[in-house]
Amino acid sequence: MMLWGLLWTLFFSGLQAAAQSKEEKYVLQEGETLTVDCPSNRKYAYSQKAWQRLRNGEEPQTLAVTERSQGTLNQIQVGRYILRDDPAESMFQVRMINLQVEDSGLYRCVVYYPPPKEPVLLFHPVRLVVTADPSTKRTSDKNSTPKLAPTTIRPTTLPTTKTLRTFYTSSRTVVQSLPMSTAVIPPNTTVNPTDAIRLPVFSIVVPVACGILIKSLVFTVLFVVTQRSFGL
């Protein structure tokens with residue numbers, strides 16, 4: 001009896017090791033969605049299921065776990081991971097949305113048992129390879145700064161003497177002459193410089209004398225009026 005139990009354990013372990021050695025490979029681009037259908041068993045209808053990532057030399061990383069089921073459809077979303085457990089169809093489906101290049105790696109879907117109990121593998125491990133989106137690369141190339149070709153700076157040609165002379169001629173300042181006097185001097189008339197000087201002096205002296213005379217008269221009138229008002 002013990003021999004049969006040992007043989008069954010070895011057989012089951014061999015099947016699990018063979019299943020783990022085989023991989024399902026998926027090659028997708030950034031932004032796409034990975035969909036993996038993991039066939040289940042009715043005996044796991046009430047068990048939790050999980051999506052794990054495997055890294056060399058590290059413990060499996062559990063990314064998302066379903067809630068405890070009552071044998072009915074059970075679906076959850078944790079970040080970019082969507083788990084759908086359908087016991088009626090004996091199918092456990094995993095979706096990873098908006099894939100990134102760093103998501104590349106090895107994954108597996110399992111019947112989840114917290115440590116120290118080992119989980120049960122439902123499907124072959126999945127090897128995911130995410131490649132960069134070519135359109136993103138083209139956009140980054142367009143946004144890159146283009147290299148400028150070296151340019152030759154030619155010396156500026158100085159204007160010739162003829163050009164400078166033309167520019168100077170065109171920028172001359174036109175001075176408008178003052179209007180001439182409208183006085184008409186009869187022909188053959190000699191102008192005496194002394195008369196020219198006397199005329200302005202006379203035109204100044206006469207107004208000044210008239211002003212003094214007017215002020216004297218006003219002062220005299222005021223004086224007379226003042227004496228009469230005081231009865232002097």
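Me: Leaving aside neighbours within four places in sequence, with which residues is D103 in contact?

Reply: Contact means heavy atoms within 4.5 Å, and, beyond those sequence neighbours, D103 is in contact with R53, R80, M96, N98, L128 and V130. Residues are numbered from 1 along each chain as its sequence is written, and side-chain values use heavy atoms, leaving out hydrogens and water.

Me: Is D103 buried or exposed?

Reply: Buried means under 20% relative accessible area, exposed over 50%, and partly exposed in between, with a 1.4 Å probe and protein chains only. D103 has a relative accessible area of 5% and is therefore buried.

Me: Which side chain joins that of D103 in a polar contact?

Reply: A polar contact is a pair of N or O atoms within 3.5 Å; within protein, one must be able to donate a hydrogen and the other to accept it, and residues adjacent in sequence count only if both atoms are side-chain atoms. Here the side chains of D103 and R80 are joined at 2.9 Å, and M96 is in contact with both residues.

Me: Over which residues does pLDDT stay under 50?

Reply: Where pLDDT is low, the predicted coordinates should not be read in detail. The protein has a mean pLDDT of 75, with 60% of its residues at 70 or more, but the value stays under 50 over residues 4-19. Residues 160-185 are also below 50, and this stretch has one contact beyond near neighbours in sequence.

Notes:
This is a predicted model: local features need pLDDT of at least 70, side-chain atom pairs count only at pLDDT 80 or more; totals for chains, interfaces and linings use all residues. pLDDT is the predictor's confidence in each residue, from 0 to 100.
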